Amino acid sequence: MEFEQIYKMYWDRIFRLCMGFVNDYDTAQDLTQETFIIVWQKLETFRNESAIGTWIFRIASNNCLRQIEKQKRFPKSELPIHLSEEKQHSIEPQIQFLYKCIAELPETDRIIISLELEDIKQNEIAKIVGLSEANVRVKIHRIKEKLTQKFKENEQR
Amino acid sequence: MNNDNNIDFKDLWKKQSVSQPDLTDLLARLSKFKKAALRSLWMINILLSVTSVFIVFIWIYYQPQFVSTKIGIVLTILAMVVYVFVYNKLMGDYKNIDATQPNQEYLQKLISIKKKQQFLQTKMMSFYFMALTLGICLYMYEYASRMSALGAGLAYGITLLWMLFNWFYIRPKQIKKQQEKINTLIEKFEEVDNQLRS
């Protein structure tokens, strides 16, 4: 597949995955770009052993995991007020709340639920994360329960 | 799709506003990235060549008589070269982890490389200081032997004092700083890895 085609097809999906991981528009944008730089570098080595989607989502989620290190270097709390948050992206509060809840989950849960919400089959998620399918199913179930609960608590407030 | 009071997360998820940047943006960043990679490769090579030229220059220009001087020079330069080389090798390993493997394997690779780095940093730092001290002492011998006893004693005394200060103060401090940073990182990666096991 051509790089340009991949870029157009997957950009939005990768962006949402990164957004679910960090819940920060600019960081997610950066992470997505980094992902595509790796995709561009590695595309030659891609042999159709797995689906291209699985391959790309592996790169993206690994890149998210690696950003943990950068986070350590620039703790978010120490940064001045995020200017970008006020401008643009005035999305519905419910959407915002969903991404906020997801970004508060343990790191690997963020990846798993993001992939699930992206309509990726559970056996593919298992291949991306490196868990058994049964394990993935249980995890997704638990995460969804957790999210539902958070949403309900939020409504009552 | 939605049974009873369930919330449609998928629908909400996909409503997140997304603005796909133009491909040219990415291509611009790509070329910058390639240039930076090339530049860092050049930096290492230039550094190594300059050190090699330096060693040859001292050798030829000063014509040291004693073999101890020559060993001293080689040892000092070698310490630096080895340090730079190992450090870059580690950074390279870290940067080149295969990003297309499953998360679990990727995390394990990250942890193993960080642990290797943790081990090597301490060892390397001690090796570096030791080789440097020994190298300088050997190097000085030829010149000190031409001085008076007092002069030689003073030269060695001051040098060794400085080295001791480095060994007992700077080195542990440096190691501690590096270790703290790397330990918190390993802990964090292990914590994430454990999430997959529970």
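Where is the place of Asn23(A)? Select Asn23(A) to begin: this residue is in the loop between helix 1 and helix 2 (25-42) of chain A. Keep in mind throughout that the model is predicted. Asn23(A) has a positive phi of about 50 degrees although it is not a glycine. Because 18 C-beta neighbours fall inside 10 Å, Asn23(A) counts as partly exposed.

**Chain A overall**

Now show chain A as a cartoon. The model on screen is predicted. Asn23(A) is not a glycine, yet it has a positive phi of about 50 degrees. Because 18 C-beta neighbours are inside 10 Å, Asn23(A) counts as partly exposed.

Select Asp119(A) next. Asp119(A) lies in the loop between helix 5 (107-117) and helix 6 (122-129) of chain A. Here too the residue is not a glycine and has a positive phi, of about 65 degrees. Is Asp119(A) buried or exposed? Asp119(A) has 10 other C-beta atoms within 10 Å, so it is exposed.

**Chain A as a whole**

Show chain A as a cartoon. Its secondary structure comes to 7 helices and 0 strands, and from the N terminus on the elements run α-α-α-α-α-α-α. Of the 157 residues of chain A, 37% count as buried. Among contacts in chain A with a separation of 6 or more, 65% are between residues 24 or more positions apart.

**The largest nonpolar core**

Nonpolar side chains tend to be buried together in soluble globular proteins. For the largest nonpolar core here, select Ile14(A), Cys18(A), Ile56(A), Ala60(A), Ile112(A), Ile125(A) and Val129(A). Of the 49 residues in this core, these touch the most other members. Helix 1 (residues 3-22) of chain A gives the largest share of the core, 9 residues.

Centre the view on Cys18(A). Which residues is Cys18(A) in contact with, leaving aside its neighbours within four places in sequence? They are Ala28(A), Leu31(A), Thr32(A), Ala60(A) and Cys64(A).

**Helix 7 of chain A**

Select residues 133-156 of chain A, which form helix 7. At 1.5 Å a residue, its 24 residues should span 34 Å, and the end C-alpha atoms are 35 Å apart, so the two values agree. Display the side chains of Val136(A), Lys139(A), Ile143(A) and Leu147(A), the buried residues of this helix. An α-helix has 3.6 residues a turn, so residues three or four places apart point the same way. What covers the buried residues of helix 7 of chain A includes helix 4 (93-103), helix 5 and helix 6 of chain A, together with helix 1 of chain B.

**Where the chains meet**

Colour the two chains separately. How many residues of chain B are in contact with chain A? There are 31, and they contact 45 residues of chain A. On the chain B side, helix 1 (9-14), helix 2 (23-62), helix 4 and helix 5 each give two or more residues. By class, this side has 16 nonpolar, 10 polar and 5 charged residues.

**Inside chain B**

Select residues 103-144 and 149-195 of chain B, helix 4 and helix 5. The two helices pack at an angle of about 175 degrees, with their axes 9 Å apart. Helix 4 of chain B is therefore roughly antiparallel to helix 5 of chain B. Their contact has 19 nonpolar, 11 polar and 5 charged residues.

Finish on helix 3 (residues 67-95) of chain B. Helix 3 of chain B has 29 residues and reaches 42 Å from its first C-alpha to its last, close to the 42 Å expected at 1.5 Å a residue. Its buried residues include Thr69(B), Gly72(B), Ile73(B), Thr76(B) and Ala79(B).

Conventions
Residues are numbered from 1 along each chain as its sequence is written. Chains are lettered from A and ligands numbered from 1 in the order in which they are written. This is a predicted model: local features need pLDDT of at least 70, side-chain atom pairs count only at pLDDT 80 or more; totals for chains, interfaces and linings use all residues. Axes are lines fitted to C-alpha atoms, for helices over the stretch in contact, and angles run from 0 to 180 degrees between N-to-C directions. Helices (H or I, at least four residues) and strands (E, at least two) are DSSP runs, numbered from the N terminus. Angles under 35 degrees count as roughly parallel, over 145 as roughly antiparallel, 65 to 115 as roughly perpendicular and the rest as oblique. Ala, Val, Leu, Ile, Met, Phe, Trp, Tyr, Cys and Pro count as nonpolar, Asp, Glu, Lys and Arg as charged, and the others, Gly among them, as polar. Two residues are in contact if their C-beta atoms, placed from the backbone, lie within 7 Å. A nonpolar core is a set of buried Ala, Val, Leu, Ile, Met, Phe, Trp, Tyr and Cys residues joined through C-beta atoms within 7 Å. A residue is buried if 20 or more other C-beta atoms lie within 10 Å of its own, exposed if 12 or fewer, and partly exposed in between; C-beta atoms are placed from the backbone. The expected span of a helix is 1.5 Å times one less than its number of residues.
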